[in-house]
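Dear colleague,

I am handing over the structure below, and would be glad if you could look through it with the notes that follow.

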Amino acid sequence: MSKSEHDMEILFPDQTVTIGSETITVREFRYREGIEAAVLARGFLAGLRALLTTTGDEIAAEDLDTLIAEHREAWFKLIAMSCGREVEWLAALPDREAMKLQLTFWGVNGNFFTRRLLWGAAFAAAVQKGRRSPSPTSSPSSSSPASDETITT
């Protein structure tokens, strides 16, 4: 793989996957889509953050399945948006094919979720730090340095 091909793969990690007899391109969310996707994924992201907070780096597959099921409508819309398909098409897939598509979606868009979690944590930390600062006003200036005494006659 050439450097430019590698650079393009980093910029656009889209992947193709065969689902049934069709070749589907799963795309990483572009900026505008990402903003729309972040709104859809809000509940899922909150649940994912809670899972990471309580379990650390180890998330059980069952916990992730439960989280996806709790936010299934948003999850289906996110995957459908990523591959340019209708939710109904996705919902009708056999489990094996849907799981293959879901894993591809996560591989392509996993960093989207990670960036949102990290950005949210950084923003919360900055807000918290701002609340802890003593005062938004500056402190009074110190007195001027002492100078030699002037003698008058």
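Which residues does E97 touch, not counting residues up to four places away in sequence? E97 touches T18, I19 and G20, where contact means heavy atoms within 4.5 Å. The place of E97 is in helix α7, and its relative accessibility of 8% is why E97 counts as buried, the term standing for under 20% relative accessible area, with exposed for over 50% and partly exposed in between (1.4 Å probe, protein chains only).

Please bear in mind that this is a predicted model, in which local features need pLDDT of at least 70 and side-chain atom pairs count only at pLDDT 80 or more, while totals for chains, interfaces and linings use all residues. Residues are numbered from 1 along each chain as its sequence is written, and side-chain values use heavy atoms, with hydrogens and water left out.

As to the fold, the protein chain has 7 helices and 2 strands, taken as DSSP runs numbered from the N terminus (helices H or I, at least four residues; strands E, at least two), and from the N terminus on they run α-β-β-α-α-α-α-α-α. Of the 153 residues, 25% count as buried, and among contacts with a separation of 6 or more, 60% come from residues 24 or more positions apart.

Leaving aside neighbours within four places in sequence, L101 is in contact with V17, I19, V26, I79, C83, W89, L90 and L93.

There is also a pocket to examine. On a 1 Å grid over the protein atoms alone, a pocket is an open set of points where a 1.4 Å probe fits, with protein on both sides within 12 Å along at least five of seven lines, and lining residues have an atom within 4 Å of a point. The largest pocket is lined by 14 residues, of which F76, D95, A98, M99 and Q102 lie nearest its centre, and α4, α5, α6 (87–91) and α7 each give two or more residues to this lining.

With regards
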